[in-house]
Amino acid sequence: MLELGRLEDLPEDYRAALTAQNLVPLWPSLRAVLPPGKPARRTQPIAWSYQELRPLLLRAGDLTPMEKAERRVLVMANPGHGLEKMQATSTIYLGMQLLLPGEWAPAHRHTPNAVRMIVEGEGAYTTVDGEKCPMSRGDLILTPTGLWHEHGHDGDKPVVWLDVLDLPMVYYMEASYVTEGNAQSVNGEATERAYQRGGVVPAPVFNRVGQPFPMLRYPWADVRKALLALAESQPGIDAVQVAYVNPETGADCQKLLGFSALMLRPGQRLDLPARSTAMVFHLIEGAADVTLDGNHLALAEADTCCVPGYEPVSLRNPSADRPAFLFIADDAPLQKKLGLYEVRT
Ligand SMILES: [Fe+2]
């Protein structure tokens, strides 16, 4: 590849004249913004240990009352992007949120899409668009763009969940804002009950439901059962994986980020091809080793990690007798819409 002219090759008066007119020569930066073959990626492979994080999060419960936090969150920031940017990847925000018994995180709605993966505790709930969604370990609850949501806690122990948002993307687009509101009245049955069985959907008087987000809660008990059934019924398949989808359309359950759950059989190693999306892995159950490009991240239960795109990733379950269950997030839906999605084999 041809070496291009550098900034310092240009006379100083010329550079100053360009700057005065808010002009920048492209050629000194061309290779940086269009590198050959593979993008420059700031996302570093990073893991967050739940055992390390948990006492710091609980301490935030002592240090900062809910009225002073609104959402009591420790953001899991990737140093590759700079901690102050609060990004796990270029498009994904991750935060671990704490709600103490009796607390209430007030109603609001915002443009970024959020999901929560419940990590610990019982008795808390998220009310989304008038639907009260109970929160148990491994449940996935959607709070898509524009829907009112608030969190309450009737239990007696701390509840912790992982927030996954497309905030960095929406913020970058200068489209991120929040609206605050009053407590919602609960007005609906759990939407997931209408979709209890794959292959059939509600069709009252032959009409199909038209909402963009027909299902708001994906209980872990059901997803785990689906993974075990898949593993048992198809012993030949390598990747025992299910996607969280809109049950009406089969499309991704949200518009920018995609979510799936994956089971590793005892002792299994699974090699994932290099894809153009960065990924987040959260270990729901068991243990898993994540290896890429010379980096090795060992995940224990409730640990979370992120890896950059364009690298093959190998997953391994080190246990000889227990399956491992992973929750995965990426920005494949967004990349597919933009025509950028790539799988390299
Ligand atoms: Fe929110």
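Buried means under 20% relative accessible area, exposed means over 50%, and partly exposed is anything in between (1.4 Å probe, protein chains only). This is a predicted model, where local features need pLDDT of at least 70 and side-chain atom pairs count only at pLDDT 80 or more, while totals for chains, interfaces and linings use all residues. Residues are numbered from 1 along each chain as its sequence is written, and side-chain values use heavy atoms, with hydrogens and water left out.

**View 1. Three histidines hold the iron ion.** Here the NE2 atoms of H108, H110 and H149 are the protein donors, sitting 2.1 to 2.2 Å from the iron ion. Donors are N, O and S atoms within 2.8 Å of the metal (3.2 Å for Na, K and Ca); water is not among the atoms, so sites may look incomplete. Along the chain, the donors are spaced H-x1-H-x38-H. H110 belongs to strand β4 (residues 104-110) and H149 to strand β9 (residues 149-153), so the pair ties together distant parts of the chain, 39 residues apart. Helices (H or I, at least four residues) and strands (E, at least two) are DSSP runs, numbered from the N terminus. H149 is buried at 1% relative accessibility, and H110 is buried too, at 13% relative accessible area.

**View 2. Two non-glycine residues take a positive phi.** D129 isn't a glycine, yet its phi is about 50°. Look for D129 in the loop between β6 (124-128) and β7 (131-135), where its relative accessible area of 45% makes it partly exposed. For A302, phi is near 75°. A302 lies in the loop between β19 (295-299) and β20 (304-307), and it counts as buried at 8% relative accessibility.

**View 3. Six strands line up in an open, antiparallel sheet.** The order is β1-β20-β17-β22-β14-β13. Two strands pair if DSSP finds at least two bridges between them. At the edges are β1 (46-48) and β13 (240-243), each pairing on one side only. On average, neighbouring strands are turned by 20° against each other, direction ignored. Axes are lines fitted to C-alpha atoms, for helices over the stretch in contact, and angles run from 0 to 180 degrees between N-to-C directions.

**View 4. A helix packs on that sheet.** Helix α6 (residues 220-233) touches β13, β14, β17 (279-285) and β22, with contact meaning heavy atoms within 4.5 Å. The direction of α6 makes about 140° with that of β13. Strands β14 (residues 258-264) and β22 (residues 324-330) run antiparallel and are joined by 7 bridges. M263 stands opposite F325 in β22.
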